[in-house]
Amino acid sequence: MNSLRTRGVRGTLRRVAVRLKRVPAPRRLELYRPSEGSNRPAVASSQSPEVTIVIPVYNQFAHTRACLVALAEHPPQTSFEVVVVDDGSSDATQVELEQWTGVRYHRRASNGGFIAACNDGAAQARGRRVLFLNNDTVPQPGWLDELVATAERDQKIGIVGSQLIFADGVLQEAGGVVFADGSGWNYGRGESPNDPRFSYLRECDYVSGAVLMIDKALFDEVGGFDPRYAPAYYEDTDLAFAVREAGKTVVVAPQAQVLHDEGVSNGTSTGSGVKAYQLRNKERFAEHRVAALAGHLAAGTIPEPALLHRDQKQVLIMDALTPFPDKDSGSVRLMNIMRLLVEEGVHVVYFPADGLYQGEYTKAMQRLGIEVWYAPYAGARPTWFRNHGARFDAVWVSRHYVLSEMVQLIRRYAPQAKLIFDTVDLHYLRERRTAEVSRSAAVARTALKTRQIELGLVAAADTTVVVSGTEVDVLAADAPGEHVTLLSNVHEVAGAGSSFEDRKDIVFVGGFTHTPNIDAVQWLVTEIFPLVHAELPDVHLHVVGADPTEEIKSLEGHPGVTIHGFVEDIDPMMDDVKLTVAPLRFGAGVKGKINLAMAHGQPVIGTTIAVEGMHLTPGEDVLVADDAEGFAQQIIRAYTDRELWERLARGGLRNIEEHFSMDVARRVVRELFELDSE
């Protein structure tokens with residue numbers, strides 16, 4: 001009956017269905033559990049903490065011990081202190097905690113309930129942030145660092161919460177939903193913690209007080225937990241509304257995960273005891289926040305991403321794979337475009353065509369607030385598009401071979417969406433040039449087939465995106481009258497880096513699943529670099545790029561050449577190496593390796609193909625040569641002539657700022673996706 005009163009018939013039936021649902025074992029979270037026993041491992045508390053963890057307790061010492069042992073066995077990197085507020089326990093709590101190293105123990109004079117205990121603990125906090133943590137929780141490794149990193153990334157965030165997990169590894173809550181009548185919904189309850197719907201950073205109506213982090217100054221500004229809800233329930237919900245009223249946001253960071261043994265303190269029945277205050281306080285809250293609740297979903301509505309983001313533009317992005325921005329420039333571009341969309345207030349949904357979850361690469365998108373879909377949760381594509389297509393204002397698909405498979409589904413299930421075809425680079429142009437260099441009739445025939453496919457998709461799309469002015473001109477001739485937009489590589493300017501005197505060596509950067517890079521490095525090592533090494537014997541050539549082939553690895557034996565393969569963090573090298581070389585003999589599009597170098601204040605020597613469409617002027621911001629001897633001489637010039645090197649470095653940085661920066665891309669993105677620029 002209580003559920004019917006608070007959630008309605010539909011909401012109650014959904015809640016029953018969720019309770020009866022069985023999440024398969026592979027989709028449950030594997031949880032860390034603290035060691036058992038009677039020992040009291042020291043908690044690594046700091047005297048100058050970033051975060052004060054406030055743990056309110058009332059009896060249940062076994063749970064308090066497990067929580068503290070978790071903090072001791074997996075201490076966060078973030079500096080923290082622990083304040084345990086005892087609300088009048090009568091068990092072993094006082095005796096045990098007074099002896100626990102690293103714990104600040106505070107016993108209240110009388111039992112006042114959760115709200116009074118939390119406010120007392122916050123008053124004693126020495127940290128810039130206060131994190132309220134139930135004693136019936138077991139924080140999972142990395143949880144606090146994830147919460148703090150989330151708050152640090154966006155100064156608009158006022159409250160951060162975590163995923164709460166049941167002891168069996170099933171999701172308890174990923175942020176809360178509040179309906180127009182003041183009733184609430186534990187979003188994701190009974191589902192898999194890894195389900196895409198619940199795994200991305202999201203603004204939410206509230207986060208549970210079981211794990212809630214807020215700036216101490218903001219907590220004080222809004223008056224702390226409101227005593228009108230004493231002793232407990234709805235204080236966390238009301239705090240979230242107060243924080244939004246103060247101009248801040250409330251978010252859930254799902255990569256921060258905490259086991260929560262729900263109901264330990266107050267049970268689960270609203271018919272008696274402290275839990276009964278949940279029903280009373282729901283009415284108090286609804287009356288207090290009546291104006292703010294006016295725009296909320298009606299009670300009984302089933303929350304889904306489409307509804308939760310109903311006030312935002314929603315955009316679907318598809319590419320062949322999950323972006324790997326540390327491995328290829330196309331991924332850097334796509335990630336930065338999605339980052340710009342998020343900054344512009346758009347809700348971005350990403351669906352890799354291969355449907356694979358890619359660990360930290362997927363999480364990197366989820367941390368930005370991108371809803372990423374993958375197997376097995378996505379299911380069959382037609383079903384997914386049938387369920388989701390209607391919510392999208394625009395659909396962006398990268399590469400012709402991805403759009404070829406998707407275009408009918410998109411037009412059928414998302415007819416309202418603007419279809420944007422991102423060529424990445426014109427594949428038929430690259431294949432045609434490959435055929436010319438290799439003199440291959442088979443590759444030439446492939447190029448003709450690709451041309452037919454790509455031009456067909458250009459005609460089918462509402463807008464086609466290319467990365468260079470050269471490709472704009474090609475499509476103007478090959479597909480006259482079609483709408484084509486230039487959105488090139490997108491880079492953040494790293495800066496000038498080290499000086500001419502402090503730099504040495506040269507570098508080639510590029511992944512080796514890309515045929516032009518294989519050809520370029522072979523030509524560089526066998527014909528160009530020997531001429532450089534003969535004149536500058538101390539100069540070393542570094543070849544950096546993921547997935548080097550056996551033929552590339554075999555070049556390691558050449559004098560002065562090191563094949564590094566994949567380098568996880570390339571920035572230090574780009575700041576210290578003197579020159580980047582791009583001896584590409586075929587290809588298309590704008591070359592990310594050149595953008596990367598110039599964004600780090602590093603001069604570039606490239607071929608005509610390498611620098612086309614990049615707004616570069618030879619001698620001012622780049623050096624160009626198309627034969628081995630000329631290329632080697634340009635390397636030697638730039639390596640030894642300080643004045644020339646500095647002119648090229650300045651020109652390259654200026655080129656990035658004027659043509660490839662985030663600000664330049666933002667203007668195009670706003671127009672392309674029809675966003676309000678205010």
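In which sense do strand S21 (residues 541–544) and S22 pair, and over how many bridges?

Analyst: First, the ground rules. This is a predicted model: local features need pLDDT of at least 70, side-chain atom pairs count only at pLDDT 80 or more, and totals for chains, interfaces and linings use all residues. Residues are numbered from 1 along each chain as its sequence is written, and side-chain values use heavy atoms, with hydrogens and water left out.

Now the pair. S21 and S22 run in the parallel sense and share four bridges. Pairing requires at least two DSSP bridges between two strands. Strands are DSSP runs of E, at least two residues long; helices are runs of H or I, at least four, and both are numbered from the N terminus. At residue level, Leu541 has Val561 of S22 as its bridge partner.

Step back to the sheet. It is open and has six strands, in the order S22-S21-S20-S23-S24-S25, with parallel pairing. Strand S22 (561–565) and strand S25 (623–624) are the edges, and each pairs on one side only.

Next, the helices. Helix H21 (residues 592–599) packs on the sheet. H21 touches strand S20 (504–509), strand S23 (577–582) and strand S24 (604–606). Contact here means heavy atoms within 4.5 Å. The direction of H21 makes about 160° with that of S23. Such angles run from 0 to 180 degrees between N-to-C directions, and axes are lines fitted to C-alpha atoms, for helices over the stretch in contact.

Helix H23 (residues 628–640) lies across S20, S23, S24 and S25. H23 runs at about 160° to S23.
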